[in-house]
Each structure stands twice: as C-alpha cells, then as structure tokens.
Protein chains: 2
Amino acid sequence: MPQFKVPDVAIQRLSIYLRALRKLEENRILSSLKLAELIGTSDGQVRKDLAYFGEFGIPGQGYQVKKLRREITRILGLDRTWKVALAGVGKLGSALLVYPGLRESGFPIRVLFDNDPAKIGKVREGLRIQSSETIPQVVSQEEIKIGIITTPAEAAQKVTNQLIKGGVRGILNFAPTIIVHPSELKLKNVDLSTNLETLSYFLK
Amino acid sequence: MPQFKVPDVAIQRLSIYLRALRKLEENRILSSLKLAELIGTSDGQVRKDLAYFGEFGIPGQGYQVKKLRREITRILGLDRTWKVALAGVGKLGSALLVYPGLRESGFPIRVLFDNDPAKIGKVREGLRIQSSETIPQVVSQEEIKIGIITTPAEAAQKVTNQLIKGGVRGILNFAPTIIVHPSELKLKNVDLSTNLETLSYFLK
C-alpha cells in the first residue's frame, strides 16, 4: 500500500488500464508507451500511475500482461466480489438492476430496498424488495459494504444514514441532492441531470 | 458572467440549489441558512457559490425564491432546451432513452446513432437509429451541442471525433475508456464500472 494519498484520477486510470489489459494475450510483454496508446494517455502517465504502488515492469522491456493484470486487480480490490445494496426501485433503479455490467464487473446487486408499501414484498430479478426501514439489519447481516442510491432526492439522506448504520462504506448516489456524510464514507455523485446541467453551463 | 474560473463543484451545487428552489412557493423569502439546510450545506457555502455571479439577495432578509430560481436557470443555461445525440443503442443506451429524467430536465434525446447494420433504420421511442457514419452531418444539421456516448469502449474515441466534427461541445461518456479530446470540449466520464472500481480501492 502506498504511504501517501493517491489521486482519485490515478485510481480511475488503473481501472481503465485493467480493462485494456483484459483484452490482451496473457504472455505478451507491453511497453508503457504501448499501454498508454491503447487507452489514449502518455507513457509518462502510465509509469507515474503504476509507480504509486511499486515496480511492476521488467527493466528495458515493459510489463507482462498477466502479471500487471493480477497486480492491478489486487490493488483495486477486485480479486473478490462486492455485494451491492440498491435503495430505490423506481425507473432508474430498475434499469440498473437489469444492466449486466454491474455483475460482470464483480458488483452484483444482492438486496433491494424501497419505502413504497406497494413495492415491498414484490420480486425483481429474483430479489425480494425489502422495506427501507430494515436497511441497517439486512445490510449488516449480508455484510454489504457498497450501496447504490436511486431514490428521489428527499429520501437520499435518510437512506444514506441507514446504509452507514448497517456498515456500508462506499456509495454511488444517483439522487439529485447533496448528501451530508462522515469522511470515512466514500461517496460518488453520479446524477445524470446534475452532470448535464453542469455541461450546459459551460456550453452557453 | 464571472471574470474568473468558477469551480465545477460550485456549478454542480447551483444545479442542486435550483432543484430545491423549484419545490418552494415562488414568493417566499429564504435566508441563505435555510437554503443551505434544504440541501445539506453551510450558509457560507451558499453565499460564496452565488457571489461568483452577482448579488441576488435582499440585504438582511434573504433570497426571493422566484428571482433566485430565474437567475440560476439563466446562469446554468437552462432557459432553453438542449437537444441531445445518443451514440450506442445497446442496453445502457436503451435504458437512458426511456428514462424520463433527461427530457424533464430539458435535455431530450433527439437523435440516435449505432454502427450495427441490424439496428440502423429501426425505430426506438419514435426515433430512427442512424448510422454512426452520418454523425457529423446529422448533428450539425440538427444543431446539437451535447452528446451521450453509450458505445463499447472501442468505439468511443471515433464517435467522439465524429460528434466534435458535427459541432458537439459537451459529452457525457459512459464508455469505460479514456477519451482524448481538445480542451474546448467539456467531457464528463460517468461510467458506472469505473466509479465502482474506484470505490472498491478505497474500501479494501
């Protein structure tokens, strides 16, 4: 583990290097320049990003695909499955539930919550929708560390507090609101409308 | 217009203030503290964010909901509709197409592109899927300035280049790849898997 703080954007690039590496033949040796070209960055950037975590290359040759893939997988904590709790089974939540990308990346949605009595008890994609009131117990029992929030804005703060109580430490928030949270919780806002409105400002 | 660069995160908060204001009675006068509470930030933050753009408050009283709503709408460029081009009509693209939040926020998807001959010509939500080869002409003709990319990673760079050629200046990218682009283009990466993998790193 690095002794200092690694910038978020470097972590994001590791995730993207890994995706490029997965498409290559295992025994291939790759220069940092070649890897950089594959994902559209510079070789200096590749070397700098990897240097945060150690020496993975063979001097004068480059990186072995298989080894680098394994190392980045380990660094990112992707050598395991992270079960995900989804709160808010509306239109967006339902879309995410059938989106295969989450399961394929090792982040399967395993529990569903909603506060609508008409939805609680219904089964979607093999999962029974549970009451949001039960978030702390269920999340703790299932040892879930990651939550996805697709509730309306008004419900997002309460759901976050409940998820934290149950032991969740990372949240992807799709609700268009700012969530107050302790610094131990890693929260990413991925609301589409906010992102689009920010674009609009810059395009005026 | 401010003479200096306003941070992205302040623009994001303006978008969230606006959403809170839309739910309030028009003639209400609101203190910065009250507005801050509604969205979970501090009154100092609210005043600082708004001060980038001018003086909107009534000294000693606060902000009139109607006026502040109008001003933020104008600042964000939301006093108009921004037509959106969607490239990549796969599972995620199709989910976005039926998601009502985009149209409701003033960002209706108006043209669809795909490079799969089996999809080109098909109609989805009233829109005919067009060949990605035609992006520059169609986007330019329709005067579209915003693109959403939901293609596989391999196609994202080419599609970006085509969109830029057609005059697009802002892109939301869902493809799990780094896109090389001129600084005049505002690009936001909203890929779910990359976001989740970044969370995983911090949770290990």
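Colleague: How many residue pairs are in polar contact between chain A and chain B?
Modeller: This is a predicted model, and the count takes in pairs in which both residues have pLDDT 80 or more. Between chain A and chain B, the number of residue pairs in polar contact is 22.

Colleague: Which element gives the most to the side of chain A that touches chain B?
Modeller: Several elements of chain A each supply at least two residues to this side, among them helix H1 (8–22), helix H8 (153–165), strand E9 (186–189) and helix H9 (192–203). The element that gives the most, with 12 residues, is H9(A).

Colleague: How many nonpolar residues does the side of chain A that touches chain B have?
Modeller: The contact takes 61 residues from chain A and 61 residues from chain B. By class, the side of chain A has 13 polar and 15 charged residues, and its nonpolar residues number 33.

Colleague: Which three residues supply more than any other three of the area that chain A buries against chain B?
Modeller: The two chains bury about 5800 Å² between them, 69% of it on carbon and sulfur atoms. Of the area that chain A buries against chain B, 13% is supplied by Glu197(A), Tyr201(A) and Leu203(A).

Colleague: Which residue of chain B meets Lys23(A) in a salt bridge?
Modeller: The structure holds 26 salt bridges over all chains, and the count between chain A and chain B is 6. In one of these, the N to O distance is 3.3 Å, and the side chain that meets Lys23(A) is that of Glu154(B).

Colleague: How many residues apart are Lys186(A) and Asp8(A)?
Modeller: These two residues form a salt bridge, with their closest N and O atoms 3.3 Å apart. Lys186(A) lies in strand E9 and Asp8(A) in helix H1, so the pair links distant parts of the chain.

Colleague: Is Lys188(B) buried or exposed?
Modeller: Lys188(B) forms a salt bridge with Asp8(B), the closest N and O atoms being 3.3 Å apart. Asp8(B) is partly exposed at 23% relative accessibility. The relative accessible area of Lys188(B) is 10%, and a residue under 20% belongs to the buried class. Lys188(B) is therefore buried.

Note on methods:
Residues are numbered from 1 along each chain as its sequence is written. Chains are lettered from A and ligands numbered from 1 in the order in which they are written. This is a predicted model: local features need pLDDT of at least 70, side-chain atom pairs count only at pLDDT 80 or more; totals for chains, interfaces and linings use all residues. Side-chain values use heavy atoms; hydrogens and water are left out. Contact means heavy atoms within 4.5 Å. Buried area is the accessible area (1.4 Å probe) that two parts lose on being put together, summed over both. A salt bridge is a side-chain nitrogen of Lys or Arg within 4 Å of a carboxyl oxygen of Asp or Glu. A polar contact is a pair of N or O atoms within 3.5 Å; within protein, one must be able to donate a hydrogen and the other to accept it, and residues adjacent in sequence count only if both atoms are side-chain atoms. Helices (H or I, at least four residues) and strands (E, at least two) are DSSP runs, numbered from the N terminus. Ala, Val, Leu, Ile, Met, Phe, Trp, Tyr, Cys and Pro count as nonpolar, Asp, Glu, Lys and Arg as charged, and the others, Gly among them, as polar. Buried means under 20% relative accessible area, exposed over 50%, partly exposed in between (1.4 Å probe, protein chains only).
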